[in-house]
Amino acid sequence: MNYLKTLFISCISALVLAAGFNWFVDPYAMYWSPLVDGLNQLKPEAGNRSRTSKPYVLSKITPNTVIVGNSRVEMGLNPSNALLKGSAFNSALPGIGYNQQIASALHQIDTNPELKHIILSLDYLDFLYSPSELNTNFTELNTVYKQRQSKSNLHTSSADIAKMLFSLDTIFSSVSTIAKQNSVASSLTPQGFNTAQTFVTTVKHEGKGPLFKQKLGSIVKRIKNKELRHINMQWKTFGPKFAYLETLIKSANAKNISLTIFINPYHISYLHLLDELGYWDDFILWKTHLAEFFQAQPTGGFTAWDFSGINKYTAEPIGLREPTAEMQWFWEPAHYKASLGDVMLTSLLTNTKNDALMLDLTLPSAQSQIQLDTQRLKQAKSEWIAVKSALGLSTF
């Protein structure tokens, strides 16, 4: 009996010690313990559990501004920007789907009494439907998407928290967190911003070429020969994804919450790839439909902007002859740097509209302005051919 009692007490003690260690080091950026420089200030393991940690942090704070989106936004828009008055939190998550993004914004509207402003990004690929979806009866498809939307909100359960404290994986992550405090590694800040330092290391040691080649290749795998489109022209509306966006606009307006919506910027190589894979016309049509959609909404309460046009920022030369020199605005074709994010925030949050970067989608002139990018893309075709050659990419 004494042996069993001793064993039981030893096991409980070990669990308590492990939980205390994990709680203090806090490798997954729950931010429930004190920060100690050189011990747990950086959170290099946090990206592995951000889908658990960010909803938890959001449930404990009431930020005035919430930024919603995917990994582009997580590392592109810094909530510590001085123009974001009051408290701000970047709730963006890598790989998060469109439904979950809208659900996250709606959840904040319903639960955060201090919320004044939502900043939401949009991505073309998130609006695409498969051929089977496009051929589905619209009423049936709309029902399917409403069911998905009702199950889309992310939350942190008690079981998730228990794993954060007691699991062996967390112990390994805690040890790794301590060991990496003096290294150049990505970390999640208390405001949810991803510092993207992993890109710094990759560019320094491997160059920009592998980043561009990998990202372009992943896009090819995702959409090549899939015959995806954002709309069936026989539909009487723009589809269930537009309808969900309208729900958000109405919900924010009902509570006097300012809503800023924007299309993420893409490097021109990303746009060339869309063209080469047969998606350019649908991409332009999607943006045109967004403009029509926004212009049909009651005015006031929201703004809508397009940062995905071809301009001096998105057409930045990659500089492959200097492979280890960082670009000014982009890490790779799909992910822009916080330097560009700061330019975007200045444009979004002040009256200094940057015509070279952004297009107001609520203005009637937007549709004709969007069309101009087709000619700009053709004019830059020779540069794209040179980039493909330098990266060793064949015709897709």
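At what angle do helix H12 and helix H16 pack, and how far apart are their axes? This is a predicted model, in which local features need pLDDT of at least 70 and side-chain atom pairs count only at pLDDT 80 or more, while totals for chains, interfaces and linings use all residues. Residues are numbered from 1 along each chain as its sequence is written, and side-chain values use heavy atoms, with hydrogens and water left out.

Helix H12 (residues 268–276) and helix H16 (residues 381–391) pack at about 95 degrees with axes 11 Å apart, the helices being DSSP runs of H or I with at least four residues, numbered from the N terminus. The axes are lines fitted to C-alpha atoms over the stretch in contact, with angles from 0 to 180 degrees between N-to-C directions. H12 is therefore roughly perpendicular to H16, a term for angles of 65 to 115 degrees. In H12, Ser-269, His-272, Leu-273 and Glu-276 meet Lys-381, Trp-384 and Lys-388 of H16, where contact means heavy atoms within 4.5 Å.

Helix H1 (residues 2–25) gives the largest share, 5 residues.

The whole structure holds 11 salt bridges (a Lys or Arg side-chain nitrogen within 4 Å of an Asp or Glu carboxyl oxygen). One of them joins Lys-54 and Glu-74 at 2.9 Å, N to O, linking helix H2 (residues 50–60) with helix H3 (residues 71–74) across 20 residues.

Notes: Helices (H or I, at least four residues) and strands (E, at least two) are DSSP runs, numbered from the N terminus. Angles under 35 degrees count as roughly parallel, over 145 as roughly antiparallel, 65 to 115 as roughly perpendicular and the rest as oblique.
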